[in-house]
Every structure is written in structure tokens, then in C-alpha cells.
2 protein chains.
Amino acid sequence: MLNAVDQALVGDLTGGPSPKQRRALAKIITLLESTRLDHRKRADDVLNTLLPKTGKSFRLGISGIPGVGKSTLIETLGLYLIEKGHRVAVLAIDPSSSLSGGSILGDKTRMERLSVLENAFIRPSPSSGTLGGVAEKTREALLVAEAAGFDVVIVETVGVGQSEITVAGMTDMFVLLQLPNAGDDLQAIKKGVMEIADLIVINKVDIDPDAAMRAQLFITSSLRLLGFQGNPDHASHPAEHWHPIVMRLSALQGNGVPELWEKIQQFEALQKANGEFDARRKKQSGSWMWDRIDAGLKNAFANNVAVQELLPSLSAAVNQGTIAPSVAARRLLEAMGHEFF
Amino acid sequence: MLNAVDQALVGDLTGGPSPKQRRALAKIITLLESTRLDHRKRADDVLNTLLPKTGKSFRLGISGIPGVGKSTLIETLGLYLIEKGHRVAVLAIDPSSSLSGGSILGDKTRMERLSVLENAFIRPSPSSGTLGGVAEKTREALLVAEAAGFDVVIVETVGVGQSEITVAGMTDMFVLLQLPNAGDDLQAIKKGVMEIADLIVINKVDIDPDAAMRAQLFITSSLRLLGFQGNPDHASHPAEHWHPIVMRLSALQGNGVPELWEKIQQFEALQKANGEFDARRKKQSGSWMWDRIDAGLKNAFANNVAVQELLPSLSAAVNQGTIAPSVAARRLLEAMGHEFF
């Protein structure tokens with residue numbers, strides 16, 4: 001049951017492109033991000049109302065370390081797509097934003113040309129909470145942007161910690177931006193990000209074409225050595241599955257951006273043809289539900305009065321080695337209630 | 001409060017080396033591994049009684065893919081250590097053991113020479129449960145082996161999934177065994193195992209000395225490129241912290257095993273001198289407690305009657321896209337009780 005305010009917001013959101021629509025989108029995302037219980041209940045109702053209108057965009061994840069040129073590429077790609085008739089929403093996940101006040105998309109001077117267009121919508125990272133909490137808000141915002149008719153939703157993240165895995169887990173395709181140097185390659189392999197990338201783009205080819213070529217060769221051979229031959233379910237039908245591709249471009253000069261979009265479209269077509277597209281989305285929905293259940297359980301533990309009373313002394317005892325950690329854990333769970341035993 | 005049986009077991013365990021001691025150790029570990037509630041309570045009491053006698057061993061983690069030569073190395077090292085007057089316990093974590101019936105240490109013909117010695121104790125992997133559950137039993141078994149006076153406890157694992165991270169998280173030093181080939185190197189980097197290794201040992205140098213040398217050079221330069229300069233807390237005192245070392249040996253021929261032990265002792269001395277040894281153990285105890293709390297919370301969720309009633313229909317709705325995953329998660333948590341909201 002929507003209240004009158006939310007009813008009006010949903011109407012504006014789903015009423016086609018207009019300044020009112022962009023305002024409604026921003027307001028609904030703000031409602032989703034609120035930690036107030038009444039806001040949360042309203043947001044759930046809004047989400048349920050919008051759900052039938054979601055799911056129709058292509059969800060593109062883009063990651064890379066600071067300085068790799070993410071915003072330059074996203075702006076160039078976004079302008080190119082809008083010219084082709086698409087509507088592009090850009091969301092961000094910045095796990096450091098709660099500390100820094102937001103480094104991704106928080107800077108008003110970024111994506112200046114894209115942000116003024118009616119068919120673009122740019123939203124900075126939610127700025128509070130854990131990575132899991134930030135990710136949940138972004139996942140919900142993505143659904144709302146879809147309900148508003150944005151048909152390409154880009155989710156951007158910086159290459160720190162687990163955020164790439166999180167973004168790959170909520171998008172249809174995950175693109176990793178790399179600088180042309182070997183340390184960057186190994187870092188991406190180490191962090192398991194190379195493994196989940198559907199496409200690897202070596203940016204700044206204009207600065208050092210030879211290094212970019214070497215990086216492309218190294219990454220290509222590494223992917224082969226690591227056995228990334230695409231989805232193993234389709235290993236018996238090589239033509240039906242995607243081999244991660246490594247390409248070079250210059251986001252600054254715009255070279256290679258049409259080719260990038262072509263690769264993205266090839267990927268989308270192949271994934272839809274072989275059933276991977278739907279399978280990936282279903283898997284992501286399930287993981288999302290379980291992630292939130294885990295977070296909720298941890299929250300319940302942290303907020304439990306009996307736990308709060310016992311935790312300091314038991315933690316200290318574990319730290320001093322006077323109780324086995326497993327025994328301390330069982331005592332805390334018992335304190336929550338017998339069904340936790 | 002120990003019952004009479006457990007009192008006798010504890011007496012045998014802590015009464016010095018004897019066949020009775022090895023039997024008591026095996027029986028207590030079996031008690032720890034039991035899933036029966038009354039056994040679990042007895043095991044907790046035994047653990048608490050033994051706790052003051054634990055913590056005095058050097059805990060050595062050894063990992064590597066199947067075929068790398070782990071058991072050959074562990075037997076050679078174990079025999080060498082017992083000859084030097086040590087008492088060596090070997091435990092294992094094999095996350096696949098619940099499926100396969102145990103591939104590590106399950107084969108009676110493995111470590112034949114070591115297993116017959118009174119100063120050796122070899123225990124196969126617990127064979128049921130999740131990796132977390134298996135790991136908890138091994139952590140507890142490690143404490144019991146320490147209480148029995150084993151002063152070197154080796155925890156072995158195969159290089160699949162998360163088990164290396166788990167073993168590194170319960171030992172004082174983590175040694176990664178590698179085969180001399182580049183695919184193996186990249187796999188270890190990819191899985192984040194290279195990152196947590198304190199020492200990397202390239203085995204089977206007898207088979208292809210040139211390949212072993214190339215692997216050593218590649219891994220050494222990768223570690224530098226990845227920025228593994230030891231603990232960053234000590235970066236300003238390079239002489240006080242450990243740089244991961246890459247060495248070559250032949251476990252089969254026994255070449256390099258005394259040098260390996262020497263490196264292990266250097267590591268131990270340095271870690272104890274700079275405070276890292278204690279810091280690592282304290283951190284591990286805390287993580288262990290929180291791991292078990294997480295597992296207990298998930299268990300409580302899975303066993304909750306209201307959750308069991310709602311889960312099938314809500315999972316199906318998430319899968320069909322008729323409810324947002326976050327909304328489904330909140331409904332399930334609400335069903336557990338209002339304090340979960």
C-alpha cells in the first residue's frame with residue numbers, strides 16, 4: 001500500500017523522461033538509503049510496486065584502480081550511447097565513501113558533459129554503512145533506475161577490497177579497466193578480479209602503446225594459464241560461450257569506445273542465446289537475498305542485550321587465552337536463546 | 001566439571017609420552033568431532049580444563065595442490081624433527097573429505113615411517129561438515145595435541161577453495177608448496193595464497209632444476225611487484241620484519257629439508273622478537289570466535305520453524321522476480337522474531 005506521496009513519486013518515475021522523472025528517481029533513492037524504519041517500510045512498498053517494471057536494462061559493471069580513467073571512459077561511453085538513443089544511469093559503489101565523504105562521483109566536476117543530459121542520471125555512492133549495506137542500496141537504486149526506463153545502467157567501483165566482486169555480483173557484464181603495467185596485472189590476478197572480468201580493457205594506450213601491447217599479451221597468456229575458458233558448463237560448445245577478451249583503448253581520445261560497445265553487445269547477445277544471461281541474474285538474486293539475511297543475523301547478534309552484556313568479558317577472555325574461542329562463541333549464542341544452540 | 005571418564009582421559013593425555021597418551025589424544029579428538037549435544041558439552045569442559053596447557057607448540061601450516069609432494073615433505077620433515085628431539089603432530093583439513101571419505105591422510109599407507117613413532121601423532125581430516133566446521137574441529141584438536149606436549153603441530157591442507165586461507169588463519173607460519181611451473185604460480189597468486197604465504201617452497205627440484213629456478217625467479221619478482229614486503233606495520237624497520245622467501249628443495253631426496261627447518265626457526269625467532277607472533281595468535285583467536293558465531297547464527301536461521309515454512313515460497317518468488325531479494329530477506333528475518341528486524 002503506497003501512501004499518496006509515494007504514489008505520486010511512482011507516477012512521476014514511470015511517466016516517461018522529464019525533469020520530474022529525474023527528481024522522483026533521486027527522491028526514491030534517498031528514501032531507500034534512509035535508515036529510518038518508517039522510510040524503510042515505505043521503500044519496500046515502493047520497490048514491490050516497481051518490481052514488474054524492472055529488469056529490462058543492460059547492467060554494466062566497471063572497475064579499476066584510482067587513476068585508471070574510469071570516469072573519463074564512462075562519460076565518453078555514456079555520451080556515445082545517448083547519441084545512439086539509449087538512456088544511461090550511472091551508479092557507484094565506493095566502500096571508502098563513509099570515511100572520505102565520497103571519492104567516486106562525489107566530485108561535482110566529474111562527468112560534467114554527461115550529467116546535464118536528460119537521458120543521463122548520475123548518482124554518487126551511498127555514503128554510509130558497510131560494503132554490504134552500500135551494495136544493497138545500489139542494487140535497489142539500480143531497480144528503480146530500470147523502472148524509470150534507463151536501458152543501460154553502469155555501476156562503477158574503485159579497485160579496493162571486495163567491491164569489484166560485489167559489483168560483478170549485481171551486473172550482467174563486468175569490465176575491468178587496467179593500466180598498462182605488470183604490477184597492475186598481478187594485483188588484479190591476486191585479488192581474483194581478473195577471474196571475474198568478462199572483458200579487460202587496457203586504458204591510456206595513447207601514453208605508452210608498447211607497454212599497452214605488452215600488458216595485453218601478458219594478460220591474455222595469464223588468462224589461458226589460469227584456465228579461464230569462459231563458463232565451464234559450456235566448455236563442450238566453445239562457440240557458444242564467451243572467452244574473456246583483452247582490448248586496448250584511449251578513453252581520453254575516445255579511440256576504441258565504439259569497438260568497446262560492440263564487444264559489450266556481442267557479449268550480451270551470446271549470453272542471452274546460451275541462457276547464461278538469465279542464469280546469472282537468477283543466481284545474483286539468490287545471493288543478494290542470502291547476503292541480506294547474513295547481514296540481518298549479524299545485526300541481530302550485535303543488538304542483542306544479553307550478547308552486549310557478555311561480549312566484552314568473553315572477548316577479553318579469548319584475547320587472554322583463558323577460554324577457547326569456540327566455547328566463547330557457543331556461550332554467546334546460547335545467551336541469544338536456546339534456538340541458537 | 002569433568003566426569004570420571006573424561007578426568008581419566010585428561011590424566012592420560014597430560015601424563016607424558018606413552019601409548020596411553022596417544023590413545024587419549026585420539027579419543028578426545030573423537031569426542032570433539034561428535035555432533036551429539038552431550039558430547040559437545042563434555043568436549044567444551046575438556047577443552048577448558050586443557051586450555052592452560054595449550055599454546056606452547058609451533059603451529060606450521062603446509063599447503064599445496066594434490067601431487068605437489070606434501071606428505072613426502074611432511075614425513076621427511078617430521079622424521080628429521082623427531083630425531084632432533086621434537087614431538088610432531090600432523091593434522092589435516094580436507095574440505096572434500098565429506099564427499100570422498102577423506103583424501104588427505106586417510107590412506108593408511110601414507111607417512112608409514114612417521115606414523116609408527118611414539119613421538120608422532122597423525123590424524124586425518126574430520127570428514128563431515130562445511131569447511132568452517134571441519135576447521136573448528138582441527139583448531140580444537142590442535143589445542144589438545146599441544147596439551148599433550150607435541151611441540152610442533154603441522155596442519156596440512158590441499159590447495160582447493162578456501163582451505164589455505166583457513167589453515168593460514170590457525171597457524172604461526174604458512175608454507176606454500178609449489179610445483180615448478182608457471183600455471184601453478186599464477187593459480188597461487190590468483191587465489192590469494194601467495195599473499196598469505198610466509199615461505200614458498202618449490203618442490204621436485206630433482207625432476208627439472210631449470211624449471212625450478214625459473215619458478216623461483218618468477219615468484220620472487222611477482223612478490224616484489226605485488227608489494228609483499230612483509231608486515232606493513234614494520235615497514236619502517238626492514239631488519240625487523242620478514243620478507244617472504246622462495247626456496248627450492250626435493251622432498252623425495254631430502255635435500256633442503258634441514259635448510260627449510262632453519263628458515264622456519266629464523267621466522268619464528270623474528271616473529272617472537274618483533275611481537276608479531278603473539279599479535280597473530282590473538283588475531284586468530286578473535287577470528288575463530290567470530291567465525292563460529294557466524295556459523296551459529298546461520299544454523300539458527302536454517303533451523304527456525306517459521307523460516308522453514310516461509311523460505312520455499314519466498315525463494316521461489318525471488319527466483320521468479322516477483323519480490324525484491326532485499327524485501328524477501330527482511331520478511332524472513334522478521335519471521336524469526338522482532339529483534340531481528
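Colleague: How many of the 17 residues of α7(B) are buried?

Modeller: 15 of them, so α7(B) is largely enclosed by the rest of the structure. Buried means under 20% relative accessible area, exposed over 50%, and partly exposed in between (1.4 Å probe, protein chains only). Helices are DSSP runs of H or I with at least four residues, strands are E runs of at least two, and both are numbered from the N terminus.

Colleague: What should I know about the model itself?

Modeller: This is a predicted model: local features need pLDDT of at least 70, side-chain atom pairs count only at pLDDT 80 or more, and totals for chains, interfaces and linings use all residues. Residues are numbered from 1 along each chain as its sequence is written, chains are lettered from A and ligands numbered from 1 in the order in which they are written, and side-chain values use heavy atoms, with hydrogens and water left out.

Colleague: Back to α7(B). What span should it have at 1.5 Å a residue?

Modeller: 24 Å for residues 131-147, and its end C-alpha atoms are 24 Å apart, which agrees. The expected span is 1.5 Å times one less than the number of residues.

Colleague: Which residue with a positive phi follows α7(B)?

Modeller: Gly149(B), with phi near 95°.

Colleague: Now α11(B). Which of its residues are buried?

Modeller: Ala211(B), Ala212(B), Ala215(B), Gln216(B), Ile219(B), Ser222(B) and Leu223(B). Seen down the axis of α11(B), the buried residues fall within an arc of 140°, so they line one face. That arc is of the directions from the helix axis to the C-beta atoms.

Colleague: And which are exposed on the other side of α11(B)?

Modeller: Asp210(B), Arg214(B), Leu217(B) and Arg224(B). After α11(B) comes Gly227(B), with a positive phi near 80°.

Colleague: Why do you say the copies meet through the same surface?

Modeller: Because 100% of the interface residues of chain B are also interface residues in chain A.

Colleague: Last one. How many helices and strands are in chain A?

Modeller: 15 helices and seven strands. Of the 341 residues in chain A, 53% are buried.

Technical notes
Contact means heavy atoms within 4.5 Å.
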